[in-house]
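Hello,

Here is the structure I promised to hand over. Please open it alongside this note, and then read on for what turned up.

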Amino acid sequence: MDKFWKIIAIGVLACVLVIALTPYLWILLTSFKGRLDILAPQPTWFFTPTLANYPAVFIDKDYLPLVFNSLIIATGSTTLSLLIGAPAAYVFARSNFAGKEDLFFFFLTTRMAPPISIAVPLFLFFTMLGLTDTIYAVVIAHTTFNLSLVVWMMRGFFAEIPKEIDEAAMMDGRSKLGAFVRVIVPLAAPGLAATAVLCFIMSWNEFLYAFILVAFEGRPITVGIPGLITPHGTLWGQVAAVAVVATLPILVFTFLVQKHLVRGLTFGAVKG
Amino acid sequence: MGALIATPALAALAMLGLAGQAGAWSLEEAAAPYKGVTIRTIGEALPPLEAMKKLAPEFEKQTGITVEIEMYEHSEAVSKVMLDLNSKRGRYDFIIQPHRELGKFVTNGHVEPVETFMASATLRDPEFKPEEQLYQGLWKEISWYEGKPYGFPFTALTMYEWYRSDLLNDPKEKEGFKAKYGYELGPAQDWKQYRDIAEWFTRPDQGLYGTALQGKRHEALWYEWLNFLYSYGGDMLEVKAGSECGPVVVNSPQAIAATEYYKSLMAFSPPDTLNYFWDDVMALMQQGKVAELIMWNDATYAVAVDENASSVVGKMGFDLVPQGEGGKVAQVEGWTYLVPTSSKNKEAAYLFIQWMMDYDQQLNQHLNGGATARPDVYASAEVQKLPYSQASMGSNEVAKPKPTIPQSSEMTDILVRELSSYLADEKTAKEALDQAAKEISELLGSCAPMKYPVQ
Amino acid sequence: MMTAVNPSPRGTFLLDRGASLPLLLPATLLVLVFLVGPFYYMIYTAMTDLSFANPDQKGAFVGFDNFRKLVREDSIFWGSFWLTIRFVVASVAVEFVLGFGLALLIWRFIERQRLLTTLLLVPMMLAPVAVGLIWRLLLQGDFGMVTYYLRQFGILSQASAVFSSPALVMPTVIAIDVWQWTPFVTLIILAGLMSMPRSPFEAATMDGAGPWRQFVDILLPLLRPIIALVLLLRGIDAFKEFDKVFIMTGGGPGTVSELLSIYAYRVNFKNWNLGYGAAVSFMVYLVVLILCSVFYKAVYWKTAGERA
């Protein structure tokens, strides 16, 4: 009986996978098609592939540096988010003070404002500081937005680590900071990995602030995509090529970290 | 147009005499103080800008001034400039913007009048005479505001009729058409013909449609609709120039008639027509799926000449927008060079702009997908060879201005929303236009009373 | 794992003020300066008439005029508002049910979950801008792959296309949102399922309780914090939905898909009516804040006693 349900389950999951992956597969195929194939009335699954789209957008249009820009911004903001957010989460997990839960809720509220709303004020503020058109503005902006996620998730992870470990580490003669860095953080590594992946994805895929705050030379891939929509025709082949390349690093990153990803979430981060 | 062949030599001598110089003006000399400077600009990522990018190194060789060009999608280019100008950051030394934004820039003090530079003998090239060398109507609408020039046209765009010449000239089609409608099949000259042709060629089972409306909730809808509005003798405001404010007439009987006719063409349009903007109808024509369209003059290369993108190369014909009560009309649209007040290298920027407006650069740019505002470029042999030159020239002569006042983008937004609602059957044409008229009148204030008040 | 959440009877390790402050300070400061600061500036702007377009509107103080106009006269705002609420409720509900079901299936029946879950995450990894363009391509009326098959299977008629049929637009947008975010829900719930302790279930089985009983009486309560977390996160993010819908429909046809963020974008970035736009933004924030506060207090106040 169990076997029967298992087969059903596998069937359902197979269908779900097909639904989830087919659009991406289609874009992959599209990136190798010429314009006439892309616009054909009947979907062409078999066609003569062309490699022209990739060099056209990455070399002729000079989009290759954009990939590196995305990488720099996402890595920078993820690192900064973890560096600043993890200690804060640790405090929530390990201390009690008046207004602790309110402060925690406050961190959540930072997620609630629609990005549009503070776009212009933030732009004016960064301009005042002279940081617009540098990488720093967007990294700071992304970090600020990701903080709520880091604090929320890491609090749960740290809470899972028994307090005896903290005490044991301190008794070994370490300072509180040393205990944190040398002992607690490695134990929470799976959680950090999971949080890092989510932060990285969100920063990599972000559009509005990257568009407003970054100079033309430093713009990431997401900002480059609309430039391929023109009144003379959207260059679908090139859009597809950019979409494929934009997703590859994330896929690779997640595959590398997958071992920790679910295990990390498993360890109770989701307890909030 | 007649002053095209003004005697340059005499004029130049006169200028030199006025300037009191012994030698002739040269670009190298004028640019000498700015050697080594880098100027930066921003524009829409399209062939004309790409052509400019390819020409820039030549300017650099002659002057030592480097030009950096940022290319963005249409609305991104506008947003970036607004943010830059309003924060007075001064990142851009000159900008290329849609002419409809001019009102916002001028009234908020963001751009320099071009006279500042043209009055300077050191900067001004005596050979450059925009008052003779450009289509005056276009220059005045694209780059002037309230009687003062602020730049020169980067592109001078308009819309006109595209049709499949092979279909319209086919003897069998001609026979059948004449039998059904009683007159010769040819490019539509008025709206009845346009409709008949659309109806005749709507054959869904063959994958062919008469026409395609750009019905998406997007500016493309407003641009397309304007052709119908003007042609029916309607307008948005009763004014003579784009920078004027005047009575709101967008809900006049002519406007309502134009709009209802416009919607009636949906019957001869593919099913996804409410999802189309210029991109999709372009693709349809390239795939040979529609017989006629109202489309842009600068997109013609990709459909009539480029074989990698279009399957109807050599089968395209172009003509003016069909005529209604309003007679021969076309709309003015264009991107203009402007120099921000916050620019850090205004003179160097002006020199580059002036150089780009020269005949050779304009010809080069036009042949590479541009849309020049110089009649002499249109008259050149190379340009005359292109299939759409006649239609472009004809349209340039009868182009009507559209609002460039600061509230212009909000006006467009209101109209796009109301028109889209009407097309989606959410209200009648009269309701949509009345609502638009009401909101526009409120938006503009006392200078724009409603000429056709809503009961 | 639940045991670790209860305060350990032996250890009383707690950080004191001295240690807490420096660890907490950077995060709080960052948020205060770069988020709260601009936020208060936005509120101030909402009480002015600032416009980048109109030269007469340089930011004179107008008090609550913008808000009054918004609440009393702006029918488009209210249309957007209710549309967005419907969108959020529908999307999150479907994503939750499907995601929960999928997580249960994977947890119960599949051993090698890691590869599977990573593949499932692909929709969520695509940039929203890219998602919008991809689905625009797939659902285009003339050459879209999905449109073609929808018509082949008779789900869509030959004479209609998804984004030009006002009645079909929002259901499609919701479906695409479900496609994009259900994996996220699945992932979080799966992790929660995998971290549940065995003992309550074993005890219940020994007491003779059947699977359904166990599901309702043990599993659901154990997962309550996680369910709340996922609903909260998705709810907040769905309210802010912008990128993909704007690219696919522009808010149209008509105003059929004009979500609040799209309306806010128009007012701020197309009309450059920053004062009024700030009022719109603030109202959106307020609504999300109120709904979330209610939800959060209801769920987390109860579990507060169990927390570290």
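**What was found**

Val181(A) lies in helix H9 of chain A, which covers residues 176–187. The model is a predicted one, so please read every value below as computed from it. Is Val181(A) buried, partly exposed or exposed? Its relative accessibility is 45%, so Val181(A) counts as partly exposed; the buried class is for values under 20% and the exposed class for values over 50%. Pro87(A) is 94 residues away along the chain, yet the two C-alpha atoms are separated by 9.6 Å.

**Chain A as a whole**

Chain A has 13 helices and zero strands. Read along the sequence, the pattern is α-α-α-α-α-α-α-α-α-α-α-α-α. The chain holds 272 residues, and 64% of them count as buried. Its C-alpha trace spans about 70 × 70 × 30 Å along the principal axes. Take the contacts in chain A with a separation of 6 or more: 75% of them join residues 24 or more positions apart.

**Where chain C meets chain A**

Start with the residue counts. Chain C brings 100 residues to this contact, and chain A brings 105. Together the two chains bury about 9800 Å². Carbon and sulfur atoms account for 78% of that area.

How many salt bridges are there between chain C and chain A? The count is one. It joins the side chains of Asp237(C) and Arg111(A), at 3.3 Å from N to O. Eight residue pairs are in polar contact between chain C and chain A, both residues of each pair being at pLDDT 80 or more.

**Where chain C meets chain B**

Chain C has a second contact to look at. Here 37 residues of chain C touch 33 residues of chain B. The buried area is about 2800 Å², and carbon and sulfur atoms give 48% of it. Three residues stand out on the chain C side. Phe52(C), Asp142(C) and Trp272(C) supply 20% of the area that chain C buries against chain B, more than any other three residues.

Four salt bridges are found across the interface of chain C and chain B. One of them pairs Arg136(C) with Asp280(B), with the closest N and O atoms 3.4 Å apart. Polar contacts between chain C and chain B come to 15 residue pairs, again with both residues at pLDDT 80 or more.

On chain C, three helices each supply at least two residues of the side that touches chain B: helix H7 (128–139), helix H12 (243–249) and helix H13 (260–270). The residues on that side divide into 16 nonpolar, 14 polar and seven charged.

**A caution on chain B**

The average pLDDT of chain B is 90, and 95% of its residues score at least 70.

Best wishes

Terms used:
Residues are numbered from 1 along each chain as its sequence is written. Chains are lettered from A and ligands numbered from 1 in the order in which they are written. Side-chain values use heavy atoms; hydrogens and water are left out. Contact means heavy atoms within 4.5 Å. Buried area is the accessible area (1.4 Å probe) that two parts lose on being put together, summed over both. A polar contact is a pair of N or O atoms within 3.5 Å; within protein, one must be able to donate a hydrogen and the other to accept it, and residues adjacent in sequence count only if both atoms are side-chain atoms. Helices (H or I, at least four residues) and strands (E, at least two) are DSSP runs, numbered from the N terminus. Buried means under 20% relative accessible area, exposed over 50%, partly exposed in between (1.4 Å probe, protein chains only). pLDDT is the predictor's confidence in each residue, from 0 to 100. Ala, Val, Leu, Ile, Met, Phe, Trp, Tyr, Cys and Pro count as nonpolar, Asp, Glu, Lys and Arg as charged, and the others, Gly among them, as polar.
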